[in-house]
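These are my notebook entries on one structure.

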Amino acid sequence: MYTGNVCDVHIHVEHAPDLAVMAPRFARDGLVRYALQGAGSYGIAHRGISNALGLLQKLRDPEHCYAFANLDHPDQGVASAESLLAQVKRYWELGFDGIKMIEGKPSVRRRTGVKLDDPRFDPMFDYMEEHDIPLLSHVNDPRYFWDVTKMTPEQIAKGWGVGPDGSPFEEVRAEALTTMRRHPKIRTVFAHFFFASANVAEADAILDAYPNVKFDLTPGTHYNDMAADYEGWREFFIRRADRILYGTDNCAVLNDNYNAHCRRILETNETMDHYGTLVTGFALPDAVLEKIYETNFMAFAGASPRKVDKAMLAEFVEWNKVLIADSQDVDKLRAELDAVVQNI
């Protein structure tokens, strides 16, 4: 197994008790740096909490923890251009390390009703270019989500099914890439391999056309797709090692062995079950793993986490408490936010 440093660019935290588990578990798993990705844009029940908890974890583990803030929107529709710009400015001044967008996920895009290349995002992106703020963006979902007959009952129950009436996969991808053309200086990671695992040529074409773009390996079902062309994808990982970042998408404490599973896929040639498909590990060379695990993370997120402005944190938490006024489990969420203030 690889013995060098490992950085995880894509982890979620939604509950305050998770924080006590994170640092020791990550140290056990060999994670020297990790980026918590805000999930509040996902739905009303998530508003406010993940950004605040990300900042709290940065305070607890300032040498290793990065936090990317999500954008806040009304219950329906999308925030105004002025609001989006103000949010990004606030997050950056607070000490967040970047911005996480999930607005391209079909269920979220259906709720907002706004295309990813809508002009109201441009002032925000202009500011991100000016201040060199990195972006991690979730665009689309697995292609089979457009055919609900191929989905599991659990996936359908979560509202992930797109169906024939949803925005087409290629249309949403084109919107995201239009943004990249408009704002070529934004350091961008597209989550879940940008769902470009249908064939090697497709992934190569995207990386060739957009030099500011990288993919993360948060493992949905793209490894299942890659099993059909094992040699082609292994060669891709070696050839494109400087454009790929390691990530698990693990929700902090939900799966104790998930990081080990994800690493086995990259480091060994073992055969294992991955979401119902037998996949063979790629057994990548250490020099390739070093780039995927560490070098690319630091180039994207920064050599060290940014410092939190503690004077601004209490005001930020109060703002978040207003955001969650109509959320599910509001009393519990407010209690968690109060815990944030008490630990400043």
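**Cysteines**

I looked up cysteine 65 and found that it counts as buried, at 0% relative accessibility; buried means under 20% relative accessible area, exposed over 50% and partly exposed in between, with a 1.4 Å probe and protein chains only. I note that this is a predicted model, in which local features need pLDDT of at least 70 and side-chain atom pairs count only at pLDDT 80 or more, while totals for chains, interfaces and linings use all residues. Residues are numbered from 1 along each chain as its sequence is written, and side-chain values use heavy atoms, without hydrogens and water.

I searched the whole structure for disulfides (pairs of cysteine sulfur atoms within 2.5 Å) and found 0. For cysteine 7, the nearest cysteine sulfur belongs to cysteine 65 and is 12 Å away. Cysteine 7 is also buried, with a relative accessible area of 1%.

**Sheet**

I traced an open sheet of 8 strands in the order β1-β2-β3-β4-β5-β6-β7-β8, with parallel pairing. Strands are DSSP runs (E, at least two residues) numbered from the N terminus, and two of them pair if DSSP finds at least two bridges between them. I found 2 bridges between β7 (residues 213-216) and β8; phenylalanine 215 has isoleucine 244 of β8 as its bridge partner.

**Nonpolar cores**

A nonpolar core is a set of buried Ala, Val, Leu, Ile, Met, Phe, Trp, Tyr and Cys residues joined through side-chain atoms within 4.5 Å. The largest has 83 residues, of which Ile99, Phe193, Phe215 and Phe237 touch the most other members. Another core, of 12 residues, lies apart from it and includes Leu245 and Phe297.

Methods. Helix = DSSP H or I, 4+ residues; strand = E, 2+ residues; numbered from the N terminus.
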